[in-house]
Amino acid sequence: SQMPALLISTATGIIVTRAASDNNLGKDLKGQLLNQPLVLLITGGSILVLSLIPGLPKLPMFVLGAGLVIIGIVFLRSTKEKPAFVMQEERLESAAQEVRKPESVVSMLHMDLIEMEFGYSIIPLVDAKRGGDLLDRVVMIRRQCASELGVIVPSIRLRDNIQLDAGEYVVKIKGVEVARGSVMVEHYLAMNSSNSEEKVKGIPTKDPAFGLPATWISESEKDKAEMYGYTIVDPPSVIATHLMEIIKRYSYELMGRQQIQTIIDSLKEDYPSLVSDVVPNIVSLGEVQKVVGNLLKEGVSVRDMVTILETLGDYGTMTHDIVLLTEYVRQGLKRAITERFIPNKKAQVITLDPSVEQLIAESIQQSSQGTYLAIDPSTSKRIFISLKKCIEKVTAFGIQPIILTSAQIRPHFKRLTEQVSSDLIVLSYNEIDRGVELETSGVVTI
């Protein structure tokens, strides 16, 4: 007597298994019956076969099996007889409902922090099956940035773009274009780094990374260019070098709170007391991120995060001014800063006249958001003219200009010089390690 009930529950269980997880059981069950008539046919046929076994209740099982078969045949015919345009409308309506779901809109909000788009002729340089090694170079760039700058570079999205020229590529940060370049595949970029008087045949251009004069040459001219002392670079190296410089320049934007939290979490294993004492008891995660961003913006490595946190722990109880905290951290990193900008322990620097330093110090104003420099445009213009003359004098000898100021005005003078050039190196006396020989090559006056 229990066998029919068992068979019925088994048959219906096959149909309603997927519907059981839905809240609206009746609606989902109806959809299963209408969309899968073959399940009814198979179940009904199985019950009819079982009804032939001696000892089982034949009549109830025959009625149940025949009923399921008939229902399955009816549903199957209705599906086949449905007009094509009706089925097409149903598919379109289903697709429209899928588009209306909130999840599809949220997925469109995702944005890659850094991506590179390129034309079709660069595709072989990316495709490993064609011998391209650009992907491997991108991996090496991420490792190099971590070892040199202490920056966690997110995954770089590489994609082709048919709207670009064949050899053109674009680098985007947070969806906005920040750099553009082009290469000639199956050619080499020759740069006259040795100032050779010999010329090579090719197409004049500029190095995408540094803007230096260069020439695209064919492979037949490669040996001759090397003999003349030219530096020869293949297209993948040109793209990788340019991408590396872009990452260095915009690294302060790539190091967000999530990246800083990842670094701090890794420090907890070796320095648990330091991390628990400083973050967030003395300084917040956001303040650490802003200080790190200020350091990276001026090309200072943040790999020594232990010294950074220790300095913030020492001075974070006295002030929360990001500018001051950054200067304190720079002084704590003076050995690394000296190694970065004065590797030979000897430098020719440009200093400021005492009257200029006093003028800038007196023009520093305090606000609720920190300090800023309030100086009139005419005075700024005279400072710029004098600074430009000093820079031209130093660069004429092929020397990288370094401006040396007092620690009090260094960040403000750096902001002032950004109106002339964002690449000027501005250091304070407190950031120079002992044993460095300094020679004054110019003085900025009014």
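**Figure 1. Classes of residue in the lining of the largest pocket.** The lining of the largest pocket has 23 nonpolar, nine polar and 16 charged residues. Here Ala, Val, Leu, Ile, Met, Phe, Trp, Tyr, Cys and Pro count as nonpolar, Asp, Glu, Lys and Arg as charged, and the others, Gly among them, as polar. This is a predicted model, in which local features need pLDDT of at least 70 and side-chain atom pairs count only at pLDDT 80 or more, while totals for chains, interfaces and linings use all residues. Residues are numbered from 1 along each chain as its sequence is written, and side-chain values use heavy atoms, with hydrogens and water left out.

Figure 2. Rolling a probe the size of a water molecule over the atoms shows where empty space is left. The search uses a 1 Å grid over the protein atoms alone: a cavity is a set of points where a 1.4 Å probe fits but cannot get out, whereas a pocket is an open set with protein on both sides within 12 Å along at least five of seven lines. Lining residues have an atom within 4 Å of a point. Grid points are joined across faces, edges and corners, and a volume is the space filled by probe spheres set on the points. The largest pocket holds about 1,400 Å³ of space. It is lined by 48 residues, of which Gly 299, Arg 340, Phe 341, Asp 423 and Ile 425 are the closest to its centre. Elements that give two or more residues to this lining include strand S4 (176-182), helix H14 (285-297), helix H17 (334-341) and strand S9 (346-352). Helix H10 (235-249) is also one of these elements, and H10 supplies the largest share of the lining, five residues. Helices (H or I, at least four residues) and strands (E, at least two) are DSSP runs, numbered from the N terminus; the protein chain has 20 helices and 14 strands.

Figure 3. A nonpolar core is a set of buried Ala, Val, Leu, Ile, Met, Phe, Trp, Tyr and Cys residues joined through side-chain atoms within 4.5 Å. Buried means under 20% relative accessible area, exposed over 50%, and partly exposed in between (1.4 Å probe, protein chains only). Of the 446 residues of the protein chain, 40% count as buried. The largest core has 73 residues, and Ile 247, Leu 309 and Leu 427 touch the most other members. H10 gives the largest share of this core, seven residues. Apart from this core lies another, of 18 residues, among them Ile 350, Leu 352, Val 356 and Val 394.

Figure 4. Contact means heavy atoms within 4.5 Å. Not counting residues up to four places away in sequence, Leu 309 touches Leu 267, Leu 274, Val 275, Val 278, Val 279 and Val 288. Ser 251 is in helix H11 and counts as buried because its relative accessibility is 0%. With residues up to four places away again left out, Ser 251 touches Val 151 and Leu 296. From Ser 251 to Leu 295 the distance is 10.0 Å, C-alpha to C-alpha, although the two are 44 residues apart in sequence.

Figure 5. A pair of aromatic rings is described by the distance of the centres and the angle of the planes. Rings of Phe, Tyr and Trp (its six-membered ring) pair if their centres lie within 6.5 Å; planes under 30 degrees apart count as stacked, over 60 as edge-to-face and the rest as tilted. This rule gives one aromatic pair. Tyr 315 and Tyr 328 form a stacked pair, 4.0 Å centre to centre, with 10° between the planes. Tyr 315 lies in helix H15 (residues 305-315) and Tyr 328 in helix H16 (residues 322-332). Tyr 315 is partly exposed, with a relative accessible area of 30%, and Tyr 328 is partly exposed at 26%.

Figure 6. Most residues other than glycine have a negative phi, and most peptide bonds are trans. The peptide bond from Val 279 to Pro 280 is cis, with omega near 0°. Pro 280 lies in the loop between helix H13 (272-278) and H14. Lys 174, in the loop between strand S3 (168-173) and S4, has a positive phi of about 55°. Lys 345, in the loop between H17 and S9, has a positive phi near 60°.
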